[in-house]
Amino acid sequence: MNQNVQQTETSRDDTARLTPLLEVRGLGKAFGGVHAVDDLSFRILPGEVYAVIGPNGAGKTTLFNLITGLYQPDQGEISLKGEAVQGLPPERLARLGMSRTFQNLQICMNMTALENVMLGRHLHLKRNFLAALLRWPSLRASERTCRAQAEELIRFVGCGDYVDADAAAMPYGALKRLEIARALATQPSILLLDEPAAGLNSTETAALEQLIRKVAAGGITVVLVEHDMKLVMSISDRVLVLDYGRKLAEGTPREIRDNPDVIAAYLGG
Amino acid sequence: MFAEFLQYLFSGVTIGATYALVALGFTLVYNASHVINFAQGEFLMIGGMSTVSLLAMGVPLPLAIAMAVALAAVLGVALHKLAIAPARKADVITLIIITIGASIFLRGLAQIIWGKEFHAMPSFSATESVNVLGAVMYTQSLWVLAVAGVLVLLLALFFTRTLMGKAILATSMNPGAARLMGIRTQFVLMLAFMLAAVLGAMAGIMVAPVTLTAYDIGIMLGLKGFVAAAIGGMGSGVGAVVGGLLLGIAEAMTAGYISSDYKDAVAFLLILVILFFMPRGLFGARVAERV
Amino acid sequence: MALRLPERVPGLPVLALVLLLLPLFLGNEFHLDIATQIALIAATVVGLNLLVGYGGQVSLGHAAFFGMGAYASAILTGTYGWTSIPALLCGALLVAVLAWTLGRPILRLKGHYLSMATLGMGIIIAIVINNEGWLTGGPDGLAVEPLTVLGAELSIFDHYSLLGLEVSGAMLWYGLAALLLLLAVWIAQNLVDSPIGRALRAVHGSEVAARVVGVDTSHYKLLIFVISAVYASVMGSFYAHYTGFITPQVASFEHSIELITMVVLGGMASTYGVILGAVLLMLLPQLLTDFQDYEMMMFGLILMLTMIFMPKGLLPTLSEAVRRLRPRPATTPASGQE
Amino acid sequence: MVTKNRSPYRAVLLILLLICGMVAPAMAAEPIRIGALVSATGPASFLGDPELKTLEMYVERINASGGVIGRPLRLFHYDDGGNANEARNFANRLLRSDRVDLVIGGSTTGTTMAAVPLVERAGRPMISMAGALVITDPVRPWVFKTPQSDRMAAERVLADMQSRGITGIGLISGTDGFGRSGREQTLAVAADFGIQVLADQTYGPQDTDMTAQLTRIRNTPGVQAVFNFGFGQGPAIVTRNYAHLGIELPFYQSHGVASDRFLDLAGSAAEGVRLPASALLVPDALPDDDPQKQVVQDYKAAYEARWNVSVSTFGGYAYDALMLAVAAIEAAGSTEPEAVRSALEQIQGHVGVTGIFNMSPDDHNGLAPESFRLLEVRDGQWVLVD
């Protein structure tokens with residue numbers, strides 16, 4: 001199913017420059033009177049690397065949670081490939097080709113690295129209940145393929161040493177990449193990365209940068225929230241700056257760097 | 001007809017006030033640790049049974065009550081220190097099983113100390129009952145209501161007016177943040193267990209003259225208290241009190257007007273109805289999910 | 001997965017071997033009788049473990065499903081003259097529908113609401129069984145017909161000739177119970193190792209992670225709840241035929257607590273662990289008889305201490321200890337359990 | 001300890017002694033194995049507890065006075081906690097593992113009935129201490145029981161009501177096995193006494209307040225008396241609620257409360273309550289020519305001296321069960337199961353604490369309705385009314 005999505009994606013590619021992959025209009029969410037996200041609108045085009053930055057508490061993670069269906073918006077609309085998706089639960093959005101990672105890791109520590117990534121293949125597997133109960137051969141074949149694909153993805157993100165390791169026994173940096181592998185396993189058309197470089201040293205960050213480039217090169221739209229300005233400025237096509245839940249600025253890295261409001265917010269804040 | 005209704009109401013409110021106290025105990029511990037403390041009912045038994053045996057030794061009633069409550073408080077602290085704190089990193093389900101083990105242990109101990117027989121406790125007042133508009137009310141019921149009311153009031157003051165109370169509330173909302181602010185969460189947890197034990201013991205002592213008491217009385221009363229807490233919305237103090245009273249009255253009304261066979265089922269039917277239609281209970285807090 | 005295999009593959013044959021050799025070490029028919037009951041209860045608990053250990057949901061009313069299966073079989077075969085298997089299936093269907101109806105709205109909620117709902121449902125069912133004596137025999141219990149398979153009656157009191165050998169009904173029943181346990185384990189492990197099982201374990205590990213990769217968590221929780229309820233119902237049916245006499249206690253809250261305790265004591269999410277839990281908890285009352293009045297206190301104490309010092313349960317803790325004694329390469333995964 | 005012993009003579013003597021030591025008990029005094037299945041804990045503990053105390057005490061006494069047919073008694077006892085499944089398992093353990101010659105128990109109808117199939121199969125006599133009629137009706141070859149049946153209790157109460165000219169009553173019963181069965185029997189036989197059951201209420205075994213049910217009974221028109229069939233603390237609470245509501249109608253309890261404990265728990269509220277009970281509660285009020293007087297007085301004195309708690313009717317069931325077993329074994333002259341069984345069936349005029357037993361192949365209980373005495377509570381004491 002996801003393959004189909006990707007095919008139509010590429011065939012539409014020429015005209016798609018006009019229709020955004022993800023569009024947010026007038027989005028708002030308040031917690032106990034505090035506006036975490038306030039009347040926010042922006043569009044993300046297919047194939048872009050789009051970064052969301054802003055000081056702590058600017059509402060970046062809230063925005064991600066709204067887009068990926070973990071929070072319900074108070075107002076506004078979100079559309080994915082032209083389809084209204086606000087309020088849909090995450091499992092429905094995953095079917096539509098959306099995937100994400102988390103600022104504080106959401107890895108299943110009760111499973112191995114491989115199983116975590118195989119979990120990412122969930123939607124693409126045979127999940128027939130009787131077949132599972134009775135261990136039918138078709139199911140075993142499907143599992144074997146899934147396993148091979150997951151192993152490949154683990155190597156792709158550079159965790160080849162940890163294929164059979166318990167997630168709980170893996171170092172932090174590897175877990176960060178494992179989470180990306182799991183997200184990729186869903187074959188997303190849009191991937192949201194929440195602070196992928198947080199807690200990584202400079203070598204690891206450099207490797208991450210390469211990874212994100214590889215992902216984007218594969219035709220996947222990447223949206224990231226990140227504090228590491230060097231990383232943001234070097235890989236992003238466009239940048240959105242949030243402040244108190246509102247859009248402060250949007251533009252290419254160069255435009256953002258020169259924007260006086262942004263400088264004031266960052267230096268004055 | 002009205003006298004009949006009033007009679008059921010008295011009966012329901014008395015037992016309902018007891019449920020409310022037990023439910024408050026559940027709520028306290030649940031808020032502080034998310035553990036459903038299945039040993040809660042045993043504190044009722046310990047309160048009632050030790051008061052009875054102290055009275056039999058000739059200790060005057062107020063002193064006997066104070067001593068019984070103190071014993072329960074000590075046991076509450078011990079339950080936390082010896083059983084819950086050492087396993088604090090375990091799964092919540094494991095902690096629940098520990099409280100079940102503790103409850104069986106305490107019951108077994110009580111059975112050895114006090115035997116298996118039921119015991120009666122004299123009423124606190126000399127006159128046993130009064131007539132109100134054609135219905136009869138135990139004077140002990142008034143005691144139960146008064147003491148429950150005072151305890152609820154004290155608890156409310158404790159949580160809103162004292163630093164310690166606020167610390168407990170803070171811990172229940174966000175243990176991590178509370179720890180950062182210098183609140184010792186383990187201490188708070190211990191306090192919650194102690195208060196829950198005191199509430200349970202008081203409830204057990206107050207109703208003993210009406211209901212009799214024995215080593216295994218805690219099972220059913222504890223369970224009903226848990227139901228009351230769930231009806232009120234696990235974690236809400238007001239909910240626990242309302243849930244308890246509601247449950248007591250619903251049971252009495254069912255026994256009176258519908259079928260005494262299914263009186264006990266009412267409590268559990270209420271749980272299902274509330275979960276189906278008001279999943280957070282009557283007063284359950286809406287908690288935003290943290291990611 | 002690869003490192004999981006060594007633990008998984010021999011598990012079932014080892015269990016089969018133990019079950020096969022066990023009768024040689026049993027002193028008398030009483031021991032065989034207890035072993036048969038343990039196997040039936042263990043199979044129930046293996047099903048419950050799917051829900052608790054893998055699904056992360058607590059049921060405080062599983063004995064009610066067990067009891068419904070038992071009473072469905074007893075009533076349909078006894079009062080209405082059905083044969084055993086249709087009665088068993090009818091009970092299982094009834095339980096599945098009930099579990100589904102109950103679980104559907106509840107399992108959409110976050111938190112331990114299922115425990116409250118199952119507690120309520122379980123006690124109501126126990127009360128109904130107790131009160132409706134015209135149907136269930138009331139608190140004094142109900143006698144159950146022996147199991148009939150393909151027109152033949154399997155009674156523990158009779159003798160049968162099997163391949164020319166004289167075999168007692170009790171021994172045949174033991175064999176049947178052992179087979180049922182093996183089947184229960186096989187199915188449970190198939191499920192755990194399938195995408196469905198992985199999704200379930202993910203729900204336990206990180207529900208959010210499971211959802212963002214497209215796992216419909218409430219659907220799987222519901223599925224596993226129904227499966228574990230059916231496990232209980234089927235074993236309840238067999239248990240009723242085996243013991244020949246049931247009382248409302250099989251459906252009681254105390255029995256529910258006993259079942260869940262077996263899971264937690266033996267080790268959540270460890271299939272062989274929960275079997276061990278069932279064995280221990282079923283044997284304890286027999287072992288503690290010498291303590292007489294102290295029996296209840298001892299039972300509570302043992303339960304408490306085990307859980308305090310082995311919070312992960314017996315088997316996971318023991319196997320971890322064994323691993324620590326024999327250090328292996330650094331990336332050794334926890335074998336099959338959390 | 002004998003390693004340093006070099007004398008061959010001594011060694012031979014020692015070996016001889018050892019052999020004798022091994023053989024002698026087998027020859028002279030192979031113990032009679034008595035199994036007891038009691039609910040010593042749990043909701044039925046006030047049945048099982050005095051029963052177990054009685055059995056332990058009398059097995060000691062019998063052994064001290066030389067045993068039965070020259071052999072000592074050995075008691076194997078298990079506590080089923082009132083749980084029928086445990087009872088079944090322990091019964092199996094008694095029969096298969098401990099290989100007892102005879103089973104006494106269970107304490108409740110549920111635990112008894114759970115054990116019955118195993119006992120029948122194993123072919124060992126069982127003497128139950130539970131009340132319900134179903135245990136011995138229809139008669140099963142190996143199953144006997146010592147308490148009067150609940151139907152007899154109901155009949156005794158209803159007869160007394162009839163003699164007082166009562167035609168309409170309110171019934172309140174516990175939802176445990178004892179109460180349920182008692183309720184059924186009462187409903188079944190009430191019409192025979194020209195009595196209508198106008199209100200039929202129940203309460204759970206753990207309930208703490210029965211005011212609502214009693215209010216309902218009081219407000220039912222035509223109720224002239226109230227009958228409570230139940231055991232445990234429930235009836236004590238019912239009695240207290242009854243007095244507290246100020247209901248003036250005659251109030252009856254069943255034999256389920258026949259112990260002094262009831263008087264302690266119910267206190268002054270018990271005043272005027274009537275109930276059927278065995279002679280055990282009023283040993284001194286029995287006329288001197290009553291054959292039971294001596295037995296009852298002895299049992300009561302011995303029990304209370306040994307355990308320092310007041311005697312209860314239920315301990316009496318165990319006493320009778322043990323004594324019937326002893327009588328049957330003595331009559332049979334062996335512990336051969338079939339011999340003991342048929343000896344039990346032929347027991348005539350055996351004076352027990354509960355009554356005088358006249359067994360027959362058609363009656364494995366052997367008690368006449370007269371074994372129930374009708375008592376009333378006056379000034380906090382049991383008084384013999386009839």
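**Note on a four-chain predicted model**

1. Chain B first. Its secondary structure comes to eleven helices and two strands. (Helices are DSSP runs of H or I with at least four residues, strands are runs of E with at least two, and both are numbered from the N terminus.) This is a predicted model: local features need pLDDT of at least 70, side-chain atom pairs count only at pLDDT 80 or more, and totals for chains, interfaces and linings use all residues. Residues are numbered from 1 along each chain as its sequence is written, while chains are lettered from A and ligands numbered from 1 in the order in which they are written.

2. Overall form of chain B. The radius of gyration is 19 Å, which agrees with the value near 19 Å for a compact globule of 291 residues. (The radius is taken over C-alpha atoms; the globule rule is 2.2 Å times the number of residues to the power 0.38.) Along the principal axes, the C-alpha trace of chain B spans about 60 × 50 × 35 Å. Of the 291 residues, 59% count as buried. (Buried means 20 or more other C-beta atoms within 10 Å of the residue's own, exposed means 12 or fewer, and partly exposed lies in between; C-beta atoms are placed from the backbone.) In chain B, residues 24 or more positions apart supply 76% of the contacts with a separation of 6 or more. (Two residues are in contact if their C-beta atoms, placed from the backbone, lie within 7 Å.)

3. A helix pair in chain B. Helix α5 (residues 139-161) and helix α8 (residues 185-211) of chain B pack at about 170 degrees, their axes 8 Å apart. That makes α5(B) roughly antiparallel to α8(B). (Angles under 35 degrees count as roughly parallel, over 145 as roughly antiparallel, 65 to 115 as roughly perpendicular and the rest as oblique. Axes are lines fitted to C-alpha atoms, for helices over the stretch in contact, and angles run from 0 to 180 degrees between N-to-C directions.) From α5(B), Gln140(B), Trp143(B), Val144(B), Val147(B) and Leu151(B) take part. Their counterparts in α8(B) include Leu199(B), Met202(B) and Met206(B). By class, this contact has ten nonpolar, one polar and no charged residues. (Ala, Val, Leu, Ile, Met, Phe, Trp, Tyr, Cys and Pro count as nonpolar, Asp, Glu, Lys and Arg as charged, and the others, Gly among them, as polar.)

4. Chain D as a whole. Chain D has twelve helices and 14 strands. Its radius of gyration is 23 Å, close to the 21 Å that the globule rule gives for 386 residues, so chain D is as compact as a globular protein of that length. The C-alpha atoms of chain D fill a box of roughly 95 × 40 × 40 Å along the principal axes. Buried residues make up 59% of the 386. Residues 24 or more positions apart account for 67% of the chain D contacts with a separation of 6 or more.

5. The sheet of chain D. Five strands form an open parallel sheet in the order β2-β1-β3-β4-β5. (Strands pair if DSSP finds at least two bridges between them.) β2 (73-79) and β5 (143-145) of chain D stand at the edges with a single partner strand each, so one side of each is left without a neighbour in the sheet. Neighbouring strands are turned by 20 degrees against each other on average, direction ignored. Two bridges join β3 (residues 102-105) to β4 (residues 126-128) of chain D. Ile104(D) stands opposite Ile127(D) in β4(D).

6. Helices on that sheet. Helix α4 (residues 109-122) of chain D touches β1 (32-38), β3, β4 and β5 of chain D, and its direction makes about 170 degrees with that of β4(D). Helix α11 (residues 313-332) of chain D touches β1, β3 and β4, at about 165 degrees to β3(D).

7. A covered strand in chain A. In β8 (residues 221-225) of chain A, five of five residues are buried. Thr221(A), Val223(A) and Val225(A) point one way, Val222(A) and Leu224(A) the other. Ala51(A) has Leu224(A) as its bridge partner, and Leu191(A) stands opposite Val222(A).

8. Chain contacts. Of the five pairs of chains in contact, A and C share the most contacts. Chains A and D do not touch; their nearest C-alpha atoms are 32 Å apart.
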